[in-house]
Amino acid sequence: MRRLSEIPNDKRVLYIISTALVCLLLLLLILPIGQYKLILSLLLVAFAVATCMAVKKRSILSMHKWQVLFLIAVSAVLYLMIYYLTGIHFGFVRFHAGLSWSSFAKNIIPIATIIIAIEIIRAVLLAQQNKLASILVFVSCVAVDMLISGSMGKIVEFNGFMDAIGMVFMPAITSGVLYHYLSKNYGMYPNIVFRLVTTLYAYIIPIQPAMPNAIKAFFRLFVPVILLLFIKALYEKNKSFVTRKGRIVSVAVSACAAVVMISIVMLVSCQFSVGMIVIGSDSMTGELNKGDAVIYREYEGQKIQPGQVIVFNKNNVKVIHRVVDIQTINGQTRYYTKGDANDNVDDGYITHSDIVGITSFKVSYVGYPTLWLRGLFE
């Protein structure tokens, strides 16, 4: 392994800039900083200037550069059109009062600055054809996407963490692959145009489709993949370094893995009509053991019988216990529950409004990683 002093000066500068950028952005993700958009925009502008001054710039020599730019601009508009057409089915919700000077100063200018600065950094560093720098700038760009979303500041519990994984982190990965490919082969401008259009609309148009989070996650996840495959199909027909069969297999495996991961995330976050809960105590040992993952159907007024295991809210915590008695008093149906391993019946009772779901089946042991992650937040 070579010492730092033995690395050529241009590579040393490249590594220092890439590493410093990653470290600072990851620090911003962790620390609860107010006005993070303004801080991030100033930080990235400073890094963009330093990168352009310290790293040798190389131009992208592609005969299709302007064609791809036009295609990406059209794709960005189509992206928004398709997204808003879903509102015909899902309806619309109002997100803000509309475009204002306050929104322009607090959101539009900082985010536009962030996008332009990070794409300049990405283009300059990728043009060096260095694998380590490429990996570091990819991590940096994913971190920037997560910071722009603002979701990291909302992570105060495990479910918030899982929502951030499904709604922000996974789409940031697929988007990053697209942006890396475009920047490396066609320059920074396609990325800047696409990102400005598909990001700033949220601060300009006061309404958005009321698309469920699960569908929105898939939408954000696969649009970059589809666009990447479309551009490759148009402009890489004659490249033979990857066989067609191998490319199809690679895409299929990646897509399946992404679907599985997003599905698990949305199950845990209860975005479907079924949900998943991990047993975190010993109160149901025997039937359900600690670390088991239980799949349950959403409660929609189904008739519940004594002996059924249900998921319910008690003191703002999801509990999974067995119904041991049902009584109707003054027209109100009351359910009394108990953990199989507990000696006594649970204190008090629950009603229909407290019931979350009815258990269907369990998968043993797979919930232990979830318990470990949950422990980090507790």
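**A helical core and its surroundings**

The protein's secondary structure comes to 11 helices and 8 strands. Helices (H or I, at least four residues) and strands (E, at least two) are DSSP runs, numbered from the N terminus. The model is predicted, so local features need pLDDT of at least 70 and side-chain atom pairs count only at pLDDT 80 or more, while totals for chains, interfaces and linings use all residues. Residues are numbered from 1 along each chain as its sequence is written, and side-chain values use heavy atoms, with hydrogens and water left out.

Start with the whole chain. Of its 378 residues, 43% count as buried. Buried means under 20% relative accessible area, exposed over 50%, and partly exposed in between (1.4 Å probe, protein chains only). The accessible surface comes to about 20,600 Å². Carbon and sulfur atoms hold 64% of that surface. Such areas come from the Shrake-Rupley method with a 1.4 Å probe; for residues, only the protein chains shown count as cover. Now take contacts, meaning heavy atoms within 4.5 Å. Among those with a separation of 6 or more, 72% are between residues 24 or more positions apart.

Next, go inside. In soluble globular proteins, nonpolar side chains tend to be buried together. A nonpolar core is a set of buried Ala, Val, Leu, Ile, Met, Phe, Trp, Tyr and Cys residues joined through side-chain atoms within 4.5 Å. The largest one here has 47 residues. Within this core, L21, L25, L40, L44, I118, I121 and V144 touch the most other members. At least two core residues come from each of several helices, including α1 (9-30), α2 (36-54), α5 (101-126) and α6 (131-149). Helix α5 gives the largest share, 11 residues. V144 touches L25, L44, I114 and I118, leaving aside residues up to four places away in sequence.

N107 is buried, because its relative accessible area is 17%. Its side chain makes a polar contact of 2.8 Å with that of K37. A polar contact is a pair of N or O atoms within 3.5 Å; within protein, one must be able to donate a hydrogen and the other to accept it, and residues adjacent in sequence count only if both atoms are side-chain atoms. N107 touches Y203 as well as K37, not counting residues up to four places away in sequence.

Finally, look at helix α3, where F70 lies. F70 counts as exposed because its relative accessibility is 60%.
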